[in-house]
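Dear colleague,

I am handing over the structure below, and my notes on it follow. Please read them with the coordinates open beside you.

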Amino acid sequence: MNFLRGVMGGPSAGMQPSGAETIQKLCHRVASSTLLDDRRDAVRALKALSKKYHLEVGVQAMEHLIHVLQTDRSDSEIIGYALDTLYNIISNDLEEEEQGKHWVENLPKQVDDLGSQFTEIFIKQQENVTLLLSLVEEFDFHVRWPGVKLLTSLLKQQGPQVQQIILVSPMGVSRLMDLLADSREVIRNDGVLLLQQLTKSNAAIQKIVAFENAFERLLDIITEEGNSDGGIVVEDCLLLIQNLLKNNNSNQNFFKEGSYIQRMKPWFEVGDDNCGWSAQKVTNLHVMLQLVRVLVSPTNPPGATSSCQKAMFQCGLLQQLCTILMATGVPADILTETINTVSEVIRGCQMNQDYFASVNAPSNPPRPAIVVLLMSMVNERQPFVLRCAVLYCFQCFLYKNQKGQGEIVSTLLPSTIDATGNSVSAGQLLCGGLFSTDSLSNWCAAVALAHALQENATLKEQLLRVQLATSIGNPPVSLLQQCTNILSQGSKVQTRVGLLMLLCTWLSNCSIAVTHFLHNPANIPFLTGQIAENLGEEEQLVQGLCALLLGISIYYNDNSLENYRKEKLKQLIEKRIGRENFIEKLGFISKHELYSRAAQKPQPSFSSPDHMMFDHEFTKLVKELEGVISKAIYKSSEEDKKEEEVKKTLEQHDNIVTHYKKVIREQDQELEELKQRISTLTSQNEQLQATVTQQVSQIQQHKDQYNLLKVQLGKDNQHHNSHSDTFQMNGIQTEEVSKLKEELEEWKSKHEVLQGQLGEKDSLTEKLKSSQLEVGTAEQSSQTSKSGGLELSNELHKELEMLRSQIQLQSAEISKLQMENQKLQVMNTAAEPVLGDSSATAANSLDLEQEIKELKSEVKALSEEKESLKQHLDSSRSTVAILQDEKSKLQQELAESKKEQDDLLVLLADQDQKLSALKIKLKDLGVPVEDEDDIESGDQGDEDEDGDEDEQD
């Protein structure tokens, strides 16, 4: 303990040990002490010395401190001291006393190097980072908080290496995400700072953090802290969200689909009270606006940007931003950033652009927001950054917005200018800025007007109608002429560059504008004179733009002016300038440094007004035309003629295509109209069918009601007319019975006909049987066909048996019907003496009606069976015809076989005669010859012997 007192500043005798010696002894105590208290005291002492002696503690104690983290995890106090000591070694935080006493110029750099080196030593063993991650999981405040700070410091020093270690460690990122849910604000806030460092420039970790529900947690923290009125924690959360979204399309899509854009709207509910714009609130709003811009940045994929723009309009975020834009008392930097944000939210989105055009400033009388912003742009008293933001907003409003372009240009045309002069239009402000004495206003107005003409040939032609009154008593001058007049007067470089960019945009792809430009005889000499002169570096940019304008006048020239045809202008360049010199001057544009800066992104961002020379869209035009103009200068007249012919044919083809497109469009409209008519007619038809069915059901109901009423009336009149009713019913029954008798007679006749047909079939089958038996004596070759005929005859016999059974059934049914008929007649005769009893007669009549219905159904069934029997008869007839054909074939074959047998018998008889004649001759010659009887007896004996052998076998 005496040693520790000496270290901590207590009195001791003799010389005081140096810092390195003290640290060495403390490290030995940490390594060798068996008591936990001694090790804890030693680590506490190292922590106290670590801020002053970075190098010594880091070199001597780091290994021992890591060993303490590994072995003494059960004691949270010593773990906390060890983590604090490592943090002091690795971090760049200098002690105030150190800064005050020993400050030198290169000290911060030395500390940075030390921290980086110690971090490299610590992360060389990846297990150290994994150990640190497990310690961060501990809930103990004295362990978790120092662990978070140490891990944050490691990421600051060696970010990519530590990120890779955390990425490959199991559940590394997920462990750190739990810090956001910690109830202790200190740990939660430092956890946000840790995640800021962890997600820098690492898309894989950004995706993991986003899908670990980071957006939900961070937005909840921002809401709890009071949105824009919150403290620095809100700023840290916003910066972390910005890290997750910037240049990460996957996270941006996840943010949009998670409906988190809707939760951004309350951030911009500033209120009418202008007091309370604290520095932190300004910072928070600035970062919030930047976060909105990240989602709709022009560098994002067009589809993602468009969907975010639509979501911002639908949830009311754009409306909220426009409210801030038109509010009073908003700080300048917030107003500037809001203008830039609104610009990118409406850029290229027609729905948002239309809404922005309808926004009015809260003035008396109300003015459109575009007019108010243009007034700020052409006002030289406004800050330069604000004027650039307004120009960017105007450019974004006109980007791919032909409707907005037409509205701006229409304010310049003579027919739409307000004669009363009560209100200032956008076109008047642009003209005023174009010809003011402020060069920056000239440039901004020229670029804004060029964007109103971008890729719109119709408006380029309409703008030629604009006339300007220069002074009292002088005739009006066209806008094109006034631009060339100011250009030739030799104003500032910035003004001339802006006017030349406007003229190049105006004349490109518009032959009529080129003709108007060439119609002024002073323009071409001025351009050739500017290009031919050898001027300084500042004027080289003007020379390049003059060369571009002259090249556009050649390339888009339709040769309508005889003195300024393409060939003559080329000859003029060859004589006055030289082709090589012309191409060299044209190349001055793309080689300029300010041109390269402007080509990078659409937003005009310039460090000073002097650097404001090029517009982003104009750089695209230069890239498109530079090579084309260079080729056009070297082309001959024949090539020009060929090119003109090709252009004419292409125009003709385009006209044909447009004509057919128009026809197709009209046909599509007609088809749509016909489809609509068909749909309306079908709907009307369905309605009519529904009404018809309703009416039919109603008619049926009325019929039923009528029948019921009829029955009721019949019952009422039953007592008065019972005799007549019964007589009528009996009359009806007698008619029915007579009909049934006739039907029975018909059935009997049909039955007899069927029996006759069956008899005929029986005779046919008997004949076939006898013929087949005769055919059985034929050769073996004909027996196969005979067996087939027998099978067919058997089948036919079976069918005939079935028909007989069916006829027997029918005869039984007919007899049954006859019995029922007799019953009916008996009942009829029995019903005559009982005519007075009306109720019994009615009951009998109902029974008779039911029986008559049953008889009708049975008759119907019999008629169906009759049809089936007819079908069977037809099929049996066809079968009989087939059998008769086969019989005739078999008879023919039998006759042929008989004939062949007769022929064979004749041949055998001839052979027998020849044999007998030969035998006689042989006998006469004395040769012994056996008789046929002897031969036959010998053969029979041989056969008997063979049979005995077979039996023995």
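Arg387 lies in helix α23 (residues 384–398) and Asp438 in the loop between α25 (426–434) and α26 (439–453), so the pair ties together parts that are 51 residues apart in sequence. Arg387 is likewise counted as buried, because its relative accessibility is 3%. Please keep in mind throughout that this is a predicted model.

**Other salt bridges**

The structure holds 23 salt bridges, and two further pairs are described here. In one of them, the side chains of Glu138 and Arg73 meet at 3.2 Å, N to O; this pair links distant parts of the chain, with Glu138 in the loop between α8 (126–136) and α9 (141–157) and Arg73 in the loop between α4 (54–71) and α5 (76–90), 65 residues apart. Glu138 counts as partly exposed at 35% relative accessibility, and Arg73 counts as partly exposed at 36%.

The other pair is local: Glu593 and Arg597 meet in a salt bridge at 2.8 Å, N to O, and both residues lie in helix α36 (residues 593–598), 4 residues apart, which is about one turn of the helix. An α-helix has 3.6 residues a turn, so residues three or four places apart point the same way. Glu593 is exposed, at 52% relative accessibility, while Arg597 is partly exposed, with a relative accessible area of 43%. Elsewhere, salt bridges that share partners join Asp37, Arg40, Asp41, Arg44, Asp75 and Glu77 into one network.

**An enclosed helix and a charged patch**

Helix α19 (residues 317–326) is largely enclosed by the rest of the structure, because 8 of its 10 residues are buried. Those buried residues, including Leu317, Cys322 and Met326, pack against α17 (279–295), α18 (302–314), α20 (332–346), α21 (350–358), β1 (360–361) and α22 (369–377).

On the surface, Glu893, Glu896, Glu900, Asp902 and Asp903 gather in a patch of negative charge. Glu893 is found in helix α41 (residues 838–925) and counts as partly exposed, at 40% relative accessibility.

**The chain as a whole**

The protein chain has 42 helices and 4 strands, and of its 953 residues 41% count as buried. Among contacts between residues at least 6 apart in sequence, 72% join residues at least 24 apart. The chain exposes about 52600 Å², of which carbon and sulfur atoms supply 52%.

With best regards

Definitions and conventions
Residues are numbered from 1 along each chain as its sequence is written. This is a predicted model: local features need pLDDT of at least 70, side-chain atom pairs count only at pLDDT 80 or more; totals for chains, interfaces and linings use all residues. Side-chain values use heavy atoms; hydrogens and water are left out. Patches are made of residues with over 30% relative accessible area and no salt bridge: like charges are joined within 9 Å, nonpolar side chains (Val, Leu, Ile, Met, Phe, Trp, Tyr) within 5 Å. Accessible areas come from the Shrake-Rupley method with a 1.4 Å probe; for residues, only the protein chains shown count as cover. A salt bridge is a side-chain nitrogen of Lys or Arg within 4 Å of a carboxyl oxygen of Asp or Glu. Lys and Arg count as positive and Asp and Glu as negative; His and the chain ends are not counted. The place of a charge is taken as NZ of Lys, CZ of Arg, CG of Asp or CD of Glu. Helices (H or I, at least four residues) and strands (E, at least two) are DSSP runs, numbered from the N terminus. Buried means under 20% relative accessible area, exposed over 50%, partly exposed in between (1.4 Å probe, protein chains only). Contact means heavy atoms within 4.5 Å.
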